[in-house]
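Good morning, and thank you for coming. I would like to take you through one chain, beginning with a single residue and ending with the overall fold.

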Amino acid sequence: MKKIESIKESGGYLNRYTHMSSSCQCEMTFSVYLPPQSRNAKVPALYWLSGLTCTDDNARTKGGFQRFAARHGIAIVFADTSPRGDAVADAPERYDLGQGAGFYVNATQDPWKPHYRMYDYVTAELPALIEAELPLQAGVRSISGHSMGGHGALICALKQPDAWRSVSAFAPITNPVDCPWGAGCFGAYLGDDRAAWEAYDATCLIRGGARLDDILIDQGDADEFLHEGQLLPSHFQTACETAGQALTLRMQPGYDHSYHFIASFIEDHFEYHAARLK
């Protein structure tokens, strides 16, 4: 774990690191914001998973998260969205498959399976690494994300509810087995077995019995991908209502899919997670 950048912000430090990942079999980059409180004690962490085409850099520069993390004494972990490098399989003609589009699954199909193990990376390898090296409270974590990363946050929490204190999402892909993005990528990464797809689908996990104490989702009603049928929040809402799963789904009038939308409501999400992390 090598620090390659450190920027003081809101009294704390926004640091960037590289390391060789055993899960993804390549060098990975991630960022961590350490709030000022971390100088005197270990702090809880909020993991942020970004969306298609993003890296760890998008949210840390566009979201305005750090001032709220400093207020609440919460570290933020900004993970990358996929493995990277010349030896890593890619589909350069597509933005929704390959590098930048890992979908937070463990791939089982060639040429993806040697490197595309983002589920293991986010849920096991990365937490173990940074909790050993940085002033973070062991096991005191929440998770959030946007779009493909919102999908990732939901499935991580639903598949391992004891590992996360809370989960939230912005415009998540909630039912990827039934949307064009998910079907195209799941077929490539996971093969033709629909049961393998459903194991990484938040709506299917709820239908299959997965439960959490609560879930917070914000969705802009002017989101172009909502209207193209990529996000399908109504499918997730119906599954939660049928199962008795607590869900706060806030449809935000006039907001799109961008970081302008995220920056407008991220304070609410920090309040939500802080109450559960403390």
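Let us begin with His 19, which counts as buried because its relative accessibility is 6%, below the 20% limit for that class. Please bear in mind that the model is predicted. His 19 is placed in strand β2, which covers residues 12-21.

What does His 19 touch, once residues up to four places away in sequence are set aside? Its partners are Met 1, Cys 26, Glu 27, Met 28, Phe 30, Tyr 121, Glu 125 and Leu 129. One of them, Tyr 121, also makes a polar contact with His 19, side chain to side chain, at 2.9 Å. For a sense of distance, the C-alpha atoms of His 19 and Asp 90 are separated by 21 Å; along the chain, these two residues are 71 apart.

I turn now to Thr 81. This residue lies in the loop that runs between β5 (75-78) and α3 (118-133). Is Thr 81 buried or exposed? Thr 81 is buried, because its relative accessible area is 0%, and the class requires a value under 20%.

Two polar partners of the Thr 81 side chain deserve mention. A polar atom of that side chain lies 2.6 Å from the backbone oxygen of Cys 54. The side chain of Arg 84 joins that of Thr 81 through a polar contact of 3.3 Å. Leaving out neighbours within four places in sequence, the contacts of Thr 81 include Ser 50, Gly 51, Cys 54, Phe 103, Tyr 104, Met 118 and Met 148.

Met 148 brings us to helix α4, which comprises residues 148-159. From the first C-alpha to the last, α4 reaches 16 Å, close to the 16 Å expected for its 12 residues. How many of the 12 residues of α4 are buried? The count is 11, and the helix is thus mostly covered. Among the buried residues are Met 148, His 151, Leu 154, Ile 155 and Leu 158.

Finally, the chain as a whole. Its secondary structure comes to 10 helices and 9 strands. The radius of gyration is 17 Å, close to the 19 Å that the globule rule gives for 278 residues, so the chain is as compact as a globular protein of that length. The C-alpha trace spans about 50 × 40 × 35 Å along its principal axes.

Buried residues account for 59% of the 278. Of the contacts between residues at least 6 apart in sequence, 71% join residues at least 24 apart. The chain exposes about 10500 Å², with carbon and sulfur atoms supplying 47% of that area.

Key: Residues numbered from 1 in each chain as written. Predicted model: local features only at pLDDT ≥ 70, side-chain atom pairs only at ≥ 80, totals over all residues. Heavy atoms only, no water. Helix = DSSP H or I, 4+ residues; strand = E, 2+ residues; numbered from the N terminus. Buried < 20%, exposed > 50% of the residue type's maximum accessible area, 1.4 Å probe, protein only. Polar contact = N/O pair within 3.5 Å; in protein donor to acceptor, adjacent residues only side chain to side chain. Contact = heavy atoms within 4.5 Å. Expected span 1.5 Å × (residues − 1). Rg over C-alpha atoms; globule rule 2.2 N^0.38 Å. Areas by Shrake-Rupley, 256 points an atom, 1.4 Å probe, with all protein chains shown as cover.
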